[in-house]
Amino acid sequence: MPENNFLQVTLKGKGGNINGLGAKVILYDSGKLQLQECMPTRGYQSSVDTRLTFGIGRAASIDSLVVIWGDGSFQSI
């Protein structure tokens, strides 16, 4: 049975936004993309982890990762 892999991203923001809240992360792999936004609140008295988890199947690596920060700046990894 093949194992599925994942990539977990922990954002380190600047200033008072140390968790990078509001940042968008785009993962590119084999012509496909996945997008997640770091928005841990889900409603009244409800939240989730600030780490973003992307499923990448059997792949051992990805093509690239783009982070679009809340202030509009971005970086590509």
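The model is predicted, and the values below are computed from its atoms. The secondary structure of the protein chain comes to eight strands and zero helices, so that reading along the sequence gives the pattern β-β-β-β-β-β-β-β. Buried residues account for 23% of the 77 residues in the protein chain.

**Overall dimensions and contacts**

- The C-alpha trace of the protein chain spans about 40 × 30 × 15 Å along its principal axes.
- The protein chain exposes about 5600 Å², and carbon and sulfur atoms supply 53% of that area.

- Four strands form an open sheet in the order 3-2-7-8, and their pairing is antiparallel.
- Strand 3 and strand 8 (74–76) stand at the edges of this sheet with a single partner strand each, and therefore one side of each is left without a neighbour in the sheet.
- Neighbouring strands of this sheet are turned against each other by 15° on average, with direction ignored.
- Strand 2 runs antiparallel to strand 3 (residues 32–37), to which six bridges join it, and one of the bridged pairs consists of Lys24 and its partner in strand 3, Glu37.

**The nonpolar core**

- The largest nonpolar core holds 12 residues in all, namely Val9, Leu11, Ala23, Val25, Leu27, Cys38, Leu52, Phe54, Ile56, Leu65, Val67 and Trp69.
- Two or more residues of this core come from each of strand 2 (24–29), strand 6 (52–57) and strand 7 (64–68), and the largest share, three residues, is given by strand 6.
- Phe54, a member of this core, touches Asn5, Phe6, Leu7, Val9, Val25, Leu27, Gln34, Leu35 and Gln36 when residues up to four places away in sequence are not counted.
- Among these contacts of Phe54 are Val9, Val25 and Leu27, which are themselves listed in the core.

**Salt bridges**

- Side chains of opposite charge can pair when their charged atoms come close, and in this model the count comes to two salt bridges.
- In one of them the side chains of Asp71 and Lys14 meet at 3.9 Å, N to O, a value that can be set against the cut-off of 4 Å for such a pair.
- Asp71 lies in the loop between strand 7 and strand 8, whereas Lys14 lies in the loop between strand 1 (5–9) and strand 2, so the pair ties together parts that are 57 residues apart in sequence.
- Both Asp71 and Lys14 are exposed.
- The side chains of Asp49 and Arg51 meet in a salt bridge at 2.5 Å, N to O.
- Asp49 counts as partly exposed because its relative accessibility is 43%, and Arg51, with a relative accessible area of 40%, is likewise partly exposed.

Notes
Residues are numbered from 1 along each chain as its sequence is written. This is a predicted model: local features need pLDDT of at least 70, side-chain atom pairs count only at pLDDT 80 or more; totals for chains, interfaces and linings use all residues. Side-chain values use heavy atoms; hydrogens and water are left out. A nonpolar core is a set of buried Ala, Val, Leu, Ile, Met, Phe, Trp, Tyr and Cys residues joined through side-chain atoms within 4.5 Å. Buried means under 20% relative accessible area, exposed over 50%, partly exposed in between (1.4 Å probe, protein chains only). Contact means heavy atoms within 4.5 Å. Two strands pair if DSSP finds at least two bridges between them. Axes are lines fitted to C-alpha atoms, for helices over the stretch in contact, and angles run from 0 to 180 degrees between N-to-C directions. Accessible areas come from the Shrake-Rupley method with a 1.4 Å probe; for residues, only the protein chains shown count as cover.
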